[in-house]
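Dear colleague,

I am passing on the structure below, followed by an account of what was found in it. Please read the two side by side.

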Amino acid sequence: MNIEQINNAFESLNNQTVLIVGDSMVDAYLWGHVSRISPEAPVPVVSISKRENRLGGAANVALNIVALGANPILCGVIGNDSKGESFLELLKESNLSAEGMVIDKTRKTTSKTRIISSAHHMLRVDEETTEYLDSTSENTFLEKISSLLNSKKIDVIILEDYNKGVLTSYLISSVMILAKFHGIPTSVDPKKDQFFSYRGCTLFKPNLKELKEGLKVEFDFKNDKDSFLKAVVELEERLENEISFITLSEYGVFIQAQGTPHFIPAHLRNIADVSGAGDTVIAVATLCLVAGASAAEIAAIANIAGGLVCEQPGVVSIEKERLLNEVNNLL
């Protein structure tokens with residue numbers, strides 16, 4: 001794409017509606033500073049100066065979709081607890097609809113509390129239920145998703161898996177069937193437990209670690225690209241996906257469509273925090289896909305976006321104008 005085509009593609013995002021299905025959570029932060037070591041144990045004492053709650057997981061993907069100008073509909077399961085109340089309040093503050101959310105009294109709302117001192121991540125405390133949804137909750141959630149697909153014009157579905165039990169094998173296969181019935185492309189950010197449940201998806205985006213874990217293979221990516229490419233071939237043979245998009249951390253990203261591979265190197269960045277970068281990458285890649293970008297363009301733009309959010313501490317969403325400027329400068 002030239003600059004004019006990129007600008008037009010970004011403008012076209014305003015007309016896209018994205019259904020996001022997956023593990024939603026609260027990202028909580030305790031900000032402070034360390035001035036001494038505890039007399040009770042050899043650990044730092046953090047003096048807290050600020051508390052903050054943010055939307056996380058699939059909800060952070062929704063925030064990135066909004067930031068890029070598109071319309072997200074978030075589908076997830078939360079508990080009937082204080083964190084669930086905070087989650088719904090955060091949705092309201094962000095002007096995001098709760099119409100796709102299910103409240104399950106048997107589960108905790110997933111919460112990740114990060115303690116940060118002087119931009120350094122000191123500790124994380126998780127509160128969660130990771131067992132899979134029971135059949136009653138599973139059917140209730142699936143009915144909610146099916147109703148939205150029948151009543152809304154959905155341009156693409158993102159399945160966001162954090163291994164918190166919401167994306168069961170049955171739910172995934174059912175959503176894939178519904179997507180094919182409605183002619184809607186699917187974009188997947190997987191984890192190893194349900195790695196091959198997304199058969200026939202459009203875009204599949206594991207990171208390098210997840211690729212190895214999902215296929216149960218081991219190789220040194222830096223010195224053995226052939227084994228990596230063989231792993232991608234095996235992935236596509238088993239998954240029957242259209243596009244394989246693999247994030248490679250400091251090595252950049254890789255994408256392959258119709259057997260044509262592209263390696264995109266990472267850009268030099270001042271990395272502050274990698275938390276939430278995967279959420280940004282899947283959001284940007286998915287919207288580029290529905291905007292008609294080529295595989296190489298999808299990877300290049302999503303790679304830039306992931307790098308930009310890593311420059312800020314905590315989980316943050318992408319800034320559309322900054323991304324557009326960076327894309328125009330670098331591409």
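**The contact of α4 with α5**

In α4, residues E138, N139, F141, L142, I145, S146, L149 and N150 meet Y170, L171, S174, V175, L178 and H182 of α5, where contact means heavy atoms within 4.5 Å and helices are DSSP runs of H or I with at least four residues, numbered from the N terminus. The residues of this contact divide into eight nonpolar, five polar and one charged (Ala, Val, Leu, Ile, Met, Phe, Trp, Tyr, Cys and Pro count as nonpolar, Asp, Glu, Lys and Arg as charged, and the others, Gly among them, as polar).

This is a predicted model, in which local features need pLDDT of at least 70 and side-chain atom pairs count only at pLDDT 80 or more, while totals for chains, interfaces and linings use all residues. Residues are numbered from 1 along each chain as its sequence is written, and side-chain values use heavy atoms, with hydrogens and water left out.

The axes of α4 (residues 135–151) and α5 (residues 169–182) come within 11 Å and cross at roughly 15 degrees, the axes being lines fitted to C-alpha atoms over the stretch in contact, with angles running from 0 to 180 degrees between N-to-C directions. The two helices α4 and α5 are therefore roughly parallel to each other (angles under 35 degrees).

**The chain as a whole**

The protein chain has ten helices and 13 strands (strands being DSSP runs of E with at least two residues). Along its principal axes the C-alpha trace spans about 60 × 45 × 40 Å. Buried residues, those under 20% relative accessible area with a 1.4 Å probe and protein chains only, make up 54% of the 331 residues.

With regards

Definitions and conventions: Parallel < 35°, antiparallel > 145°, perpendicular 65-115°, else oblique. Buried < 20%, exposed > 50% of the residue type's maximum accessible area, 1.4 Å probe, protein only.
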